[in-house]
Amino acid sequence: MIPGNRPKLIATDLDGTIVANYGEISERTIAALTKAKELGIIIYFVTGRPPRWMAEIRETFGFGGAICSNGAQHYDLMKAEVIEEWLIPVPDQLEIVKRLRESIQGIHFAIEFDHHFHREKNYNPLWDVGVDNVGVNFIEELMTQGSFKMLAKCSNNEYTSDQMMEIAQSQISEFAEVTHSNSIEALIEISAKGVSKGATLAKIASRHKLGPDDCVTFGDNPNDFSMLQWASRSWGIEDGHPEVTNHSKFVAQSVRLDGVAKIIEQLLELPTT
């Protein structure tokens, strides 16, 4: 039995949480979130994705707000416009690269700013190939403006994403946030200091005069930990990162079993007061 009243805001991660690894969102999930919206609940899609990857979410749901790039961007999903963003300053970008090159062997970098992804030639992307499809020798060549996300990847398979994250946190945590959303690829994601999904969600919720008790969150990976910790009721996905359920209050079934949809259906049965 889920405690409390019906939430006033639902915030969910996308990939691995409501989007399956083959890229589909189930009809049951769409129906559950649609009914929640019709009942007056505020819906936020909170993701590591950049805005340029949100078109399918807009087309699938046709409603909701968005927090993109692990909290670095507040995004108007319907208008396809960034409302506000929190960027990594150029001096910090340069220092991040310097320190991580010294501490992680075989590391390569990419950065995101404006509407584009830029990479080093030796950074092998899983999705984007880069705005020029070629890359540069050293990412420092492109560090001319604030970046909403930096990415770092090892091509030698010497490290896991968790190991990279631990090293990076020890080296750059004084001026950046480090997380990841992919345990397989030896890939970490870097945001400006104080920027996370949880921090941005808390900021936006407060503008609606809502707090942790009014909101529920769902997620599956380290980049979701902050918002799972923040909300009084949160669900980690059972087949997500091994540590995810240590940061959530409850556990939801996997995306293939419509775990989030099942919880939302129960939430909507709760009293409003």
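A word on residue classes before the first stop: Ala, Val, Leu, Ile, Met, Phe, Trp, Tyr, Cys and Pro count as nonpolar, Asp, Glu, Lys and Arg as charged, and the others, Gly among them, as polar. This is a predicted model, where local features need pLDDT of at least 70, side-chain atom pairs count only at pLDDT 80 or more, and totals for chains, interfaces and linings use all residues. Numbering runs from 1 along each chain as its sequence is written, and side-chain values use heavy atoms, with hydrogens and water left out.

**Stop 1: a pocket**

Select Glu177, Val178, Thr179, Ser196 and Pro222. Of the 18 residues lining the second largest pocket, these lie nearest its centre. (A pocket, on a 1 Å grid over the protein atoms alone, is an open set of points where a 1.4 Å probe fits, with protein on both sides within 12 Å along at least five of seven lines; lining residues have an atom within 4 Å of a point.) Its volume is about 260 Å³, meaning the space filled by probe spheres set on the points, which are joined across faces, edges and corners.

What is the lining made of? Six nonpolar, ten polar and two charged residues. Now colour α4 (161-172), β9 (176-179) and α6 (225-230), the elements that give two or more residues to this lining. β9 has the largest share, with four residues. (Helices are DSSP runs of H or I with at least four residues, strands are E runs of at least two, and both are numbered from the N terminus.)

**Stop 2: helix α4**

Stay with α4 and look along its axis. Its twelve residues reach 16 Å from first C-alpha to last, close to the 16 Å expected at 1.5 Å a residue (the expected span is 1.5 Å times one less than the number of residues). Show Ser161, Met164, Met165, Ala168 and Ile172, which are buried; buried means under 20% relative accessible area, exposed over 50%, and partly exposed in between, with a 1.4 Å probe and protein chains only. They sit on the same side of α4 because they cover an arc of only 100° around the axis, taking directions from the helix axis to the C-beta atoms. The buried residues of α4 pack against α3, β6, β8, β9 and β10, with contact meaning heavy atoms within 4.5 Å.

**Stop 3: helix α3**

Next, pick residues 90-103. This is α3, whose 14 residues reach 20 Å from end to end, C-alpha to C-alpha, close to the 20 Å expected. Gln93, Ile96, Val97 and Leu100 are buried here, and their arc of only 95° around the axis puts them on the same side of α3. Pro91 and Glu102 are exposed, on the face turned away from that buried side. The packing partners of the buried residues are β6 (107-113), β8 (149-154), α4, β9 and β10 (187-192).

Zoom in on Ser103, also in α3. Which residues does Ser103 touch, leaving aside neighbours within four places in sequence? Tyr159, Ile167 and Gln171. Ser103 is partly exposed, at 22% relative accessible area.

**Stop 4: two positive phi angles**

Jump to Asn70, in the loop between β3 (65-68) and β4 (73-76). Its phi is near 60°, positive in a residue other than glycine, and Asn70 is buried at 2% relative accessible area. Finish on Ala186, in the loop between β9 and β10. Ala186 isn't a glycine either, yet has a positive phi of about 55°, and it counts as buried at 3% relative accessibility.
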